[in-house]
Amino acid sequence: QVQLVESGGGLVQTGGSLRLSCAASGRTFSRYTMAWFRQAPGKERELAAALTWSGGSTYHADSVKGRFTISRDNAKNTVYLQMNSLKPKDTAVYYCAAEPSSPLATILPLKGAQYRYWGQGTQVTVSS
């Protein structure tokens, strides 16, 4: 089992940057596929980015591609989401999620229901 705690959210102006962090507790963090989801008010939760336990396979939603980058540091039990060129439409609560995976996995789960563990979320607000 793994516990997830997000940090790094806040208020930023359009065009600004933020880096979200998700600290995981648990001895086998490196064996989890990790993802960042987001949910804006009145909208469904959507996947922003995901990566395999090795970091060898990544996914970025079209809406964030070229602006957001997901990465992980298994030595620090932390996954990051670097967000650049932020837009008001990026305003949402951002959630870190984890799912146990095989070291050989290359296919990334893209649906929230496929992730077993979730953090409490961190608010990101982009002002125009």
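Q: Are Tyr-32 and Tyr-117 buried or exposed?
A: Both Tyr-32 and Tyr-117 are buried. That word means a relative accessible area under 20%, with exposed being over 50% and partly exposed in between, using a 1.4 Å probe and protein chains only. Do keep in mind that this is a predicted model, where local features need pLDDT of at least 70, side-chain atom pairs count only at pLDDT 80 or more, and totals for chains, interfaces and linings use all residues. Residues are numbered from 1 along each chain as its sequence is written, and side-chain values use heavy atoms, with hydrogens and water left out.

Q: What makes Tyr-32 and Tyr-117 an edge-to-face pair?
A: Rings of Phe, Tyr and Trp (its six-membered ring) pair if their centres lie within 6.5 Å; planes under 30 degrees apart count as stacked, over 60 as edge-to-face and the rest as tilted. By this rule there are three aromatic pairs. For Tyr-32 and Tyr-117 the centres are 6.0 Å apart and the planes stand at 65°, so the pair is edge-to-face. Tyr-32 sits in strand β4 (residues 32–39) and Tyr-117 in strand β10 (residues 117–118), 85 residues apart, so the pair links distant parts of the chain. Strands here are DSSP runs (E, at least two residues), numbered from the N terminus, while helices are H or I runs of at least four.

Q: Why are Phe-37 and Tyr-115 called edge-to-face?
A: Their ring centres lie 5.4 Å apart and their planes meet at 75°, so this pair too is edge-to-face. It links distant parts of the chain: Phe-37 is in β4, and Tyr-115 is in the loop between β9 (92–100) and β10, 78 residues away. Both Phe-37 and Tyr-115 are buried. Together with Trp-118, they form one aromatic cluster.

Q: How do you know that Arg-45 lies over the face of Phe-37?
A: A charge sits over a ring if NZ of Lys or CZ of Arg is within 6 Å of the ring centre and within 35 degrees of the ring normal. Arg-45 is 5.7 Å from the ring centre of Phe-37 and lies over its face.

Q: How do you know that Cys-22 and Cys-96 form a disulfide?
A: A disulfide is a pair of cysteine sulfur atoms within 2.5 Å. The sulfur atoms of Cys-22 and Cys-96 are 2.1 Å apart, and they form a disulfide. The structure holds one disulfide.

Q: What is the handedness of the Cys-22 and Cys-96 disulfide, left-handed or right-handed?
A: The torsion about the S-S bond is about -80°, so the disulfide is left-handed. It links distant parts of the chain, with Cys-22 in strand β3 and Cys-96 in strand β9, 74 residues apart. Both cysteines are buried.

Q: Why do β1 and β7 stand at the edges of the sheet?
A: Two strands pair if DSSP finds at least two bridges between them. Four strands form an open sheet in the order β1-β3-β8-β7, with antiparallel pairing. β1 (3–7) and β7 each have a single partner strand, so one side of each is left without a neighbour in the sheet.

Q: How many bridges join β1 to β3?
A: Five bridges join β1 to β3 (residues 18–25), and Gln-3 stands opposite Ser-25 there. β3 and β8 pair over six bridges, with Tyr-80 as the bridge partner of Ser-21. β7 (residues 68–73) and β8 (residues 78–83) also pair over six bridges, and Ile-70 stands opposite Leu-81. These two strands form a hairpin with four residues between them, where Asn-77 in the turn has a positive phi of about 55°.

Q: What makes β8 largely enclosed by the rest of the structure?
A: Five of its six residues are buried, so β8 is largely enclosed.

Q: Why is Lys-87 called partly exposed?
A: Its relative accessible area is 34%, so Lys-87 is partly exposed. Lys-87 lies in the loop between β8 and β9.
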